[in-house]
Each structure stands twice: as structure tokens, then as C-alpha cells.
Amino acid sequence: MRTALEQSDAEIYELIQQEEIRQSGVIRMIPSENYVSKAVMEATASCLTNKYAEGYPGKRYYEGQQVTDQVETLARERARHLFQADHANVQPYSGSIANMAAYSALMQPGETLMGMSLVHGGHLTHGWKVSATSKFFNSVPYPVNSDTSLLDFNIIEDIARKHRPQVIVCGATAYPRTIDFKTFAGIAAGVGAYLVADIAHIAGLVVGGVHPSPVPYADVVSTTTHKTLRGPRGGMLLCKEAHAKKVDRAVFPGLQGGPFMHTCSAIAVAMAEASRPEFADYAQQIVKNAKALANRLMELGFDLVTGGTDNHLILIDLRNRGIGGKPAAKALDRARLVTNYNTVPNDPAPPMNPSGVRLGTPALTSRGLKEPQAMRVAEFMARVLDNIDNEAVIEATGKDVAALCDEFPVPDHFMSLAEA
Ligand SMILES: *Cc1c(COP(=O)(O)O)cnc(C)c1O
């Protein structure tokens, strides 16, 4: 039987089928990506997309909220319990908007925001020069230590003392090590700054107990819901009761109109999934896989930023191999190994063709790969990168990767179309 989409729009139907096949037939290692459960997809694709629900449960601007109030309350309560936070807001459309809302809750335009430099691992929205966060706020970036590529609290404290920011944001998009939120909180307190912890990448690791939680230390915690947390695309804010009203007002009506109620319902589903013991096993396996992959890459002569990983993410510095990050990522993609090119700290090359490749294990762990397969993936990567000018070797490696994908099909409960 043809689906409604197939009947109504054969072109989009066909493209979605192709994407489903692509996602099954490659090893996905972009560290911000994952596979969500069918249950999360079902909620995302529900009639809740039809409903406007501006406001918050019990305080809406439109009628007909008998069901949506319950949905959002469930999502908020589950998030609160999962992260042991006083307050949760599940309405931000994405992690970027969640960050903007966190800042606008805690500071005025023109005040100083201190965040990790993008080229050292921070996110665009931590005050990078092309981001609106640097236009509305006075952005003061902090680097990592130029010898170790690690967060250096002496440097961070010096910059904080000098600039006395209103908000310090910690958290990263390309940092392979544990973040010490407690020390950040101490520095923030010492200069009278608020601390925002952005755990977009590591939220699932925090929930699974393999990364310390910032909730006891940060004024506001910001996250996406779709990376290691394995929910629908969205954003979320957690905070202490003292900031709850400001945070809620910053999201609506400060930055957004009607929340995506279908996404809120899927966040509720994902939070329930993340509270099960299997999710802690999943989070542990993400880190085990990342360490196995990283160690094998280093045995094969690759230079990893910080010399390894504590979390789900690996940053390869390719300068000792004489390959640019972009041609490397493109060759890997041709061999069904999907990563992204990325700057490394103090990269002499430009961001459009930087010296690094960034990868991670959340999606391949959802797929069921364990340490032995993570090591095989490292070997496939080395074969491609050692033969970057040899298309035959790249193609042959792609066949081996396809065989690994067949051996570890995406589990049925993660695929969106059963018949794909
Ligand atoms: C991904 C990410 C974001 C932004 O999330 P979007 O949902 O893409 O807007 C914010 N902060 C960090 C650290 C991230 O890694």
C-alpha cells in the first residue's frame, strides 16, 4: 500500500527513502547526530503540529489547550527529574535559541558575554563574531591552552578578572575532555558573573552518569535535545527556581511565538527513554567506543587533540599527515565514513579548509557497535587517509564499511519506515 506521502508527493517521499538508505548504509560519526527511536519520530509526526500553544501550561493565549497543557507539563516534569533541576523549559526551537534565551534572561544588550572561542571548540552562539550573540553582547572569547589544547583555568580566570563579564558560558562543540563545571562556577562567582553551562553535546552523557552534571553549579543550563540525549531536534533550558520566571519570559514572549508542541511531546518521550537503565548503558558504551576508536587511531599514528578523549568526541589534527581536513572528510564520506572537517586549536589553516576532522560515537553506538567494531572503524579511516589519492582503495574500503553496516543494521526500533 502506498503511504499518504508517497501518493501526495512522490519526490519528497523518494528523497526521504534515499536518506533512510543513506543513514543505514554509512557509519555516521558526526558527533552531534544520532538515531532517534521510532517512538520519538511518531510523536514528532503527530497532530500536535497543528496546535498553537503560545504561553505556558495554565497560562495560554489561545483556547483548546486541554491536551497540550498536559503534554508540556509531562515534558517539563520529566526533564526536571532527569536532570534534577528546579525548573525546565522545553520550548526553545533549538540549542541556539536556548542559548540566546539564557543570555537575554541574565543580561542586557551591550553587557559582556565570555565564551569559549569557536576555533578552540566553542559554539557559534558563545559569542563568535558572525553570531548575533556577539552583536547584541560584548563578546570576550577565551582560548584553550596553546600547548595542551585543554581548558586552562588560569587563563580563563585572568580574562574574567580583566573583563568582568555579566555571563560566562562554558560548554563546547568540539572539546574531547571532561568539563569542570565547579571550577567554572567558582571563577564566575569570583567576578560576580552568572554561569551558563551549555551541554548540547554531552547532555546524554550527563544523564547517563559518564560526565559530571552542571546543574548544581550553573545558574542556567542550556542544551539541545537531539545529540547524545537522542530526542527530537529541539532545545531546553534548566535553571534554579530564582531564574525560572526570567528564563520562561526570555523564551516566550522574548524570542519565540508558539512552541512546537509535537517536539515537546517527543521531548517527553525521549526523557522517559533516557531515564531507563538501558540509557545509562548506552551512555557508557558511547564513551567506551570513543576511547577504543581514539586509541586505535593513535596506534595508527594519528595525532589527536589533547591526546585522546573522555567523552563521545574525537578531534584529529591531520597536520602530521599532510592532508587538509576537508579533503580528508570528503574521502572518508566516499568510503561511507561520515565525519566533518573542523578547526583544531590554533589552526594555521582557514575554517573553510581547516586542519582537523571531528568525529564521535553517539550514532554508531545506537547502532550497536562495540569496542572491537570501533577499532575496525579506526582501521578503515586510516586506510582511507593513508590512500587519499587512491580511489580504488577508498572504494574498496567503502565496501568493507558497507559489510560492517550489514552486520550491524540500524535496530528496528530506530528506523522511521519499517519497509525501507
Ligand atoms: C549544537 C550546539 C548548539 C546549537 O544547537 P542547534 O540546535 O543546532 O541550534 C549550541 N551549543 C552547542 C555547544 C552545540 O554543540
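In this predicted model, Glu299 and Arg296 share helix H12, which spans residues 277–299. The two positions are 3 residues apart, about one turn of the helix. A salt bridge joins Glu299 to Arg296. The closest N and O atoms of this pair are 2.5 Å apart. The two partners differ in their surroundings. Glu299 has a relative accessibility of 58%, so Glu299 counts as exposed, the cut-off being over 50%. Arg296 has a relative accessible area of 18%, so Arg296 counts as buried, the cut-off being under 20%.

A second pair lies within helix H7, residues 153–163. Here Arg161 forms a salt bridge with Glu157. The closest N and O atoms are 3.0 Å apart. Arg161 and Glu157 are separated by 4 residues, again about one turn of the helix. Arg161 is exposed, at 52% relative accessible area. Glu157 is partly exposed, with a relative accessibility of 28%. Side chains of opposite charge can pair when their charged atoms come close.

Arg60 pairs with Glu72, and the closest N and O atoms are 2.8 Å apart. Arg60 belongs to strand E3 (residues 59–60), whereas Glu72 belongs to helix H4; the pair therefore ties together parts that are 12 residues apart in sequence. Both Arg60 and Glu72 are buried. In total, the model has 16 salt bridges.

Helix H4 also packs against another helix. Two packed helices are described by the angle between their axes and the distance between the axes. The axes of H4 (residues 68–83) and H11 (residues 261–274) come within 8 Å. They cross at roughly 35 degrees. The crossing of H4 and H11 is left-handed. On the H4 side, the contact is made by Thr68, Val71, Glu72, Leu74, Ala75, Arg78, Ala79, Leu82 and Phe83. Glu72, the salt-bridge partner of Arg60, is thus among the contact residues of H4. On the H11 side, the contributors are Met261, Cys264, Ser265, Ala268, Val269, Met271, Ala272 and Ala274. By class, this contact holds 13 nonpolar, 2 polar and 2 charged residues.

A further helix pair is formed by H5 (residues 95–106) and H10 (residues 244–255). Their axes come within 8 Å and cross at roughly 120 degrees. H5 passes H10 in a right-handed crossing. From H5, the residues in contact are Ile97, Met100, Ala101, Ser104, Ala105 and Leu106. From H10, they are Lys246, Val247, Ala250, Val251 and Leu255. The contact of H5 with H10 has 9 nonpolar, 1 polar and 1 charged residues.

Thr173 sits in the loop between strand E7 (167–170) and helix H8 (181–190). Its relative accessible area is 14%, so Thr173 counts as buried, below the 20% cut-off. Leaving aside residues up to four places away in sequence, Thr173 touches Gly121, Gly122, His123, His201, Leu313 and Arg358.

Key: Residues numbered from 1 in each chain as written. Predicted model: local features only at pLDDT ≥ 70, side-chain atom pairs only at ≥ 80, totals over all residues. Heavy atoms only, no water. Axes fitted to C-alpha atoms, helices over the stretch in contact; angles between N-to-C directions. Left-handed = near helix turned anticlockwise from the far one by under 90°. Contact = heavy atoms within 4.5 Å. Nonpolar A, V, L, I, M, F, W, Y, C, P; charged D, E, K, R; others polar. Salt bridge = Lys/Arg side-chain N within 4 Å of Asp/Glu carboxyl O. Buried < 20%, exposed > 50% of the residue type's maximum accessible area, 1.4 Å probe, protein only.
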